[in-house]
Amino acid sequence: MNAIVMAAGEGRRLRPVTERWPKPVLPIDGRPVVARLVRDLREAGSERVTVVTGHLAEQVERLLGDGSAFGLELRYARQPRPDGSADAVSLALAAGAEPPLLVATADTVFRPGDLSGFAAAFASAGTPGAVAVRREPPPGPSAGVDVEGGLALRIVAPGEPFAHASLWGLGPELVPYLEGLGGPPFELAEAYQRAIDDGLRVSAFEVGRTRDLTYALDLVQENFPYLSRSE
């Protein structure tokens, strides 16, 4: 199953670091997050990945190249404005990405095997869409995903034990829901919720703890153990 990687964000909460480097090239365990994600996608069976770039796009594109170093084909789509995740996916589709697809953000590292497991589960479920959910880190007070019987009922549901894990499964039936969203920004959460409200089934698959770069302190915490081992 091929994939879209959303790597266009400005990383405002990571400033001033992201004034010089885009968030996807920042490291976890000393390795650029986006490079690790692309390798995981290849292990999950992706042969073609469309990377949506924006802020400091040249750095991301230079790092990843044509994808040959990862054993797959990389294409790029530029997002000229930070208009949200649904807009990024729409740009990737316009650049030739064809569903069914995995859609991932370029600031999250998954446990080994979790991304492959999600891809296999989505492929076998036969549902129009899927979301990955996690318990760790836990959702914030205004976030959460309501899951019942293996299906997502509410994508934004405060008080639920599951958080969204920044990984989606996108089937062709969901593509029309990328249009007509409120915004900007135009977000996948709204598109998926509209599909669910219309009766489309969206599977929810649990993954393990994720490692995320959101704040400047995350950059230190996610690399300190690696740096300590290298002394």
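I took a salt bridge to be a side-chain nitrogen of Lys or Arg within 4 Å of a carboxyl oxygen of Asp or Glu. The model is predicted, so I kept local features only at pLDDT of at least 70 and side-chain atom pairs only at pLDDT 80 or more, while totals for chains, interfaces and linings use all residues. Residues are numbered from 1 along each chain as its sequence is written, and side-chain values use heavy atoms, with hydrogens and water left out.

**Salt bridges**

I searched the whole structure and found 16 salt bridges. I looked up Asp107 and found it bridged to Lys23, with the closest N and O atoms 2.9 Å apart. Asp107 lies in the loop between strand S6 (101–105) and strand S7 (108–109), and Lys23 in the loop between strand S1 (2–7) and strand S2 (27–28), so the pair ties together parts that are 84 residues apart in sequence. I used DSSP runs for the elements, numbered from the N terminus: helices are H or I with at least four residues, strands are E with at least two. Asp107 and Lys23 are buried (buried means under 20% relative accessible area, exposed over 50%, partly exposed in between, with a 1.4 Å probe and protein chains only).

I then checked Glu222, which forms a salt bridge with Arg211 at 2.7 Å between the closest N and O atoms. Glu222 lies in helix H6 and Arg211 in strand S13 (residues 211–212), so this pair ties together parts that are 11 residues apart in sequence. Glu222 is buried at a relative accessible area of 16%, whereas Arg211 is partly exposed at 22%. Salt bridges that share partners join Asp29, Arg36, Arg211 and Glu222 into one network.

I also noted Arg75 with Glu73, where the closest N and O atoms are 3.1 Å apart. Arg75 is partly exposed at 27% relative accessibility, and Glu73 is partly exposed at 34%.

**Largest pocket**

I worked on a 1 Å grid over the protein atoms alone: a cavity is a set of points where a 1.4 Å probe fits but cannot get out, a pocket is an open set with protein on both sides within 12 Å along at least five of seven lines, and lining residues have an atom within 4 Å of a point. Grid points are joined across faces, edges and corners, and a volume is the space filled by probe spheres set on the points.

The largest pocket holds about 1600 Å³. I listed 49 lining residues, and nearest the centre lie Arg13, Lys23, Thr105, Asp107 and Ser166. S11 (163–170) is among the elements that supply at least two lining residues, and its 5 residues are the largest share. By class I recorded 22 nonpolar, 14 polar and 13 charged residues (nonpolar: Ala, Val, Leu, Ile, Met, Phe, Trp, Tyr, Cys and Pro; charged: Asp, Glu, Lys and Arg; polar: the others, Gly among them).

**Cavity**

I found 1 cavity of 30 Å³ or more, and the largest cavity has a volume of about 40 Å³. The lining of the largest cavity consists of Asp40, Glu43, Arg111, Pro112, Gly113, Asp114, Leu115 and Ser116. Helix H1 (33–43) and helix H4 (114–125) give two or more residues to this lining, and H4 gives the largest share, 3 residues. The lining has 4 charged, 2 polar and 2 nonpolar residues.
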